[in-house]
Amino acid sequence: MTATFKFDPAFIFSSKGISDTLSKYQHNVPTVVVDTVTAFQTQLLQIYNVKSLPEVIVSANNNGAQGGILQYTAGHTLNNVAAQVNVANNASATNYLVVSRTTMFTKLKEQRQNCVLLKLKQPDDGSLAFYATGNGKFQPKSYIEINALENNGRFGESEANQLVLFKQMAVALKIELDGEEQQLAEDMKLD
C-alpha cells in the first residue's frame, strides 16, 4: 500500500516551513517524506538559481476570503510580517503588491496602489518571502509578490489583474532603478 502525503509548496523554503506544512495536513510524518520534500525544495531553488537573482518576483492568487491586503493590517493574521501597509481608496483590496524595498513601497504608495512593505526580519513560515529576504543566511534579494483575486470561473480576470499589477510594479521598479541604488543598498543591509 502506498501512502500519500500533502503539503503546501508555498511554505517549503525552510526546515520549519516543511515541518509545519506537512503537519498541517497529517500526523506522524515519516522522515523519508520530510527528506523528499526537502530534496524537492533544493531542486526548485537550484533550477531557478534563486541565490543569484537580484529580484525574486512571485505571482500569486487569493480568493478574497481572507481579506486581501487587509490581512496585513493591525489585528489580522499577516500583520506580523508587514512593516507598512498602504490600502488605496481607488483599488480592490484583493489586488495588491508585497515588496521588500522601502523605495518601491514609496513609489507604489505615491501611485496610489495597494502595497505592503515587508519587515526586514521575517518570521520563519517557510515562505519564499522568508527565504528571499535572506534572514541572516545570505545577502537578501528584492522580493516582489504580485497578488490578485483568482478568477472565480471568469476566464482571464485573474490574469488581467496580475498584468495590471505587474505594470504598476514595473513602473515603480524602473523609477527605483533610475537613481536610487544607494537606498537599495541601505534597504538590503543585514542587521
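Reader: By class, how many nonpolar, polar and charged residues does the lining of the largest pocket have?

Author: Quick housekeeping: this is a predicted model, where local features need pLDDT of at least 70 and side-chain atom pairs count only at pLDDT 80 or more, while totals for chains, interfaces and linings use all residues. Residues are numbered from 1 along each chain as its sequence is written, and side-chain values use heavy atoms, leaving out hydrogens and water.

Now the lining: 15 residues are nonpolar, 12 polar and 8 charged (nonpolar is Ala, Val, Leu, Ile, Met, Phe, Trp, Tyr, Cys and Pro; charged is Asp, Glu, Lys and Arg; the others, Gly among them, are polar). A pocket here is an open set of points on a 1 Å grid over the protein atoms alone, where a 1.4 Å probe fits, with protein on both sides within 12 Å along at least five of seven lines; lining residues have an atom within 4 Å of a point.

Of the 35 lining residues, Ala10, Phe11, Ser127, Glu145 and Asn147 sit closest to the centre. Helices H1 (15–25) and H4 (128–132) each supply at least two lining residues, as do strands S1 (55–62), S3 (96–99) and S5 (142–149). Both kinds of element are DSSP runs numbered from the N terminus: helices H or I, at least four residues; strands E, at least two. S1 gives the largest share, 6 residues.
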